[in-house]
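Hi,

Here is the structure I promised to pass on. Have a look at it first, and my notes follow below.

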Amino acid sequence: MSLPAWSTPWEHFETPTTGQPQAIGSYSNGCLAGAIPLPAEGDGYQRVRSERGRYYGHQSMIAFLEQLSAKASKLRLGHLLVSDIAMPRGGRFRSGHASHQTGLDADIWLTTLEQPASEQELETLQPLPMVDLKAYQIIQENWTENQANLIQMAASDEKVARIFVHPVIKEQLCAAKWTDRRWLRKVRPWWGHYYHFHVRLHCPQGEGQCKAQLPPPPGDGCGAELASWKPKPVTERQTAKAKPAKKRPVLKPLPPAGCMAMLNGADPVPDNDQYAVDLKKAKKVAQ
């Protein structure tokens, strides 16, 4: 497999490491040992865009996806289409994702099918947008209760740390009447997620090299926080553009020691990784 000159080192790995699965580092600066590929199809789901080679995940994510799709099928919420999870050994992408590095993130299309697609259909299948980006509103003919119930079912799982959706989709979920609204706290607005939702799992128990993210703010996130995502009026945008933006250098943090060992051809280091120490050294070098 030939890769562009600007590819990252992680994109050169075509196979996972052997041994027990282990998420190393953080969601946006880490890697994955002992990855497991999501089968091309299963009970209630199919992979899409498999040619990217981003269908590897931590065993907890693979189990979650298989359980979610089976439950969605049983509840007749539609046949799910699973897109990017992680590369064979996780790590940084050259483009497309800042996270998805530890096998604990996965993208699921909000487009669902009534029945499995053929292999030929999968090659040309495109997701339906759920949001009119210019009008900043939901596309009513594409959005149904099935999408809302699917997100609610995923967010209610205790293994899920966060779910990212477009702010308009979060707004749609907030407006619905739910018996229990606690799961809405996990659903976080983020640009770009207008045709899929992004599931993020907690660090697996006992994996000390996995760096957890802080919990979402208290509450359902349906008030002032969500309102702050709405586009500003034209006059405010023009004023903001008139002010010269200060360019700041973007420094990519040094990967955790376990990931560096993987890049150098060694097995991941034991649980006492030097992530914090290495990060401090990298910052000093950059100064």
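**Aromatic groups**

One aromatic cluster is formed by Y136, W190, W191 and W229. Before going further: this is a predicted model, in which local features need pLDDT of at least 70 and side-chain atom pairs count only at pLDDT 80 or more, while totals for chains, interfaces and linings use all residues. Residues are numbered from 1 along each chain as its sequence is written, and side-chain values use heavy atoms, with hydrogens and water left out.

A search of the whole structure gives seven aromatic pairs (rings of Phe, Tyr and Trp, the last by its six-membered ring, with centres within 6.5 Å; planes under 30 degrees apart are stacked, over 60 edge-to-face, the rest tilted). Y55 and Y56 make a stacked pair, at 4.9 Å centre to centre and 20° between the planes. W191 and W229 are an edge-to-face pair, with 5.2 Å between centres and 65° between planes. W191 sits in the loop between β12 (187-189) and β13 (196-201) and W229 in the loop between α5 (224-227) and α6 (234-242), so this pair ties together parts 38 residues apart in sequence. (Helices, H or I with at least four residues, and strands, E with at least two, are DSSP runs numbered from the N terminus.)

Two arginines lie over tyrosine faces: R47 over Y55, at 3.7 Å from the ring centre, and R200 over Y27, at 4.4 Å. The criterion is NZ of Lys or CZ of Arg within 6 Å of the ring centre and within 35 degrees of the ring normal.

**Cores and α3**

The largest nonpolar core has 44 residues, and those with the most contacts inside it are F64, L65, I151, I163, I169, L173 and F197. Such a core is a set of buried Ala, Val, Leu, Ile, Met, Phe, Trp, Tyr and Cys residues joined through side-chain atoms within 4.5 Å. Elements giving two or more residues to this core include α1 (59-74), α3 (145-155) and β11 (160-165). Leaving aside neighbours within four places in sequence, L65 is in contact (heavy atoms within 4.5 Å) with L38, V82, I85, A106 and I108. Another core, of nine residues, lies apart from the largest one and has W10, I24, C259 and M262 among its members.

In α3, the buried residues include Q147, L150, I151 and M153. Cover for the buried residues of α3 comes from elements including α1, β7, α4 and β13.

**R89**

R89 is placed in the loop between β7 and β8 and counts as buried, at 16% relative accessibility. Residues touched by R89, not counting those up to four places away in sequence, include W10, F13, C31 and M262. The R89 side chain also reaches the backbone oxygen of T15 at 2.8 Å, a polar contact (N or O atoms within 3.5 Å; within protein, one able to donate a hydrogen and the other to accept it, and residues adjacent in sequence counting only if both atoms are side-chain atoms).

**Overall**

The protein chain has eight helices and 13 strands. Of its 287 residues, 46% count as buried.

Best wishes

Technical notes: Buried means under 20% relative accessible area, exposed over 50%, partly exposed in between (1.4 Å probe, protein chains only).
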